[in-house]
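Student: Could you walk me through how to read this structure?
Tutor: Gladly; let us look at it together.

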Amino acid sequence: MGRAGFCINHPDRPADRRCVQCHKALCNDCVLVDEGDDFCSRKCLSRYRTFHRAYVAGHARTPLATKLIRVGVGVVVLIIVLALVYIGGEVFHVPFLTSVSRLLKSLLF
Ligand SMILES: [Zn+2]
Ligand SMILES: [Zn+2]
């Protein structure tokens, strides 16, 4: 491992690039650029891509599941709020809630 700030292959050359896989410091001559990412070698490139693909594949389903859970929670909360408004209007005869409850009834039934 070269000194921090210097290329691993050229200890006298300042390194302003870094391998995204192994984080080795690299100069412009040693860096291997692929899809905008810097690598020190083909080995790191393929390792990084394999890992990244596995990571993306493993996490691809999470956003949809999270979205579904959020929608589910949102629907449940909405039902509870509507039920409370309805019960509040029907049972406790709160003036405002009664009118909201009537409105809900006219919309739902
Ligand atoms: Zn590397
Ligand atoms: Zn170099």
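**Reading the fold**

Tutor: The chain holds three helices and four strands; helices (H or I, at least four residues) and strands (E, at least two) are DSSP runs, numbered from the N terminus. This is a predicted model, where local features need pLDDT of at least 70, side-chain atom pairs count only at pLDDT 80 or more, and totals for chains, interfaces and linings use all residues. Residues are numbered from 1 along each chain as its sequence is written, while chains are lettered from A and ligands numbered from 1 in the order in which they are written.

Student: In what order do the elements of the chain run from the N terminus on?

Tutor: The order is β-β-β-β-α-α-α.

Student: What radius of gyration does the chain have?

Tutor: The radius of gyration is taken over C-alpha atoms, and the globule rule is 2.2 Å times the number of residues to the power 0.38. Here the chain has 30 Å, whereas a compact globule of 109 residues would have a value near 13 Å. Along the principal axes, the C-alpha atoms fill a box of roughly 85 × 25 × 20 Å.

Student: How is the chain divided into domains?

Tutor: Domain bounds come from an automatic or database domain assignment. In this chain they give domain 1 (17-59) and domain 2 (62-108), with C-alpha centres 51 Å apart.

Student: Does Phe51 count as buried or exposed, and why?

Tutor: A residue is buried if 20 or more other C-beta atoms lie within 10 Å of its own, exposed if 12 or fewer, and partly exposed in between, with C-beta atoms placed from the backbone. Phe51 lies in helix 1 (residues 42-59) and counts as exposed because it has 11 C-beta neighbours inside 10 Å. Of the 109 residues of the chain, 14% count as buried.
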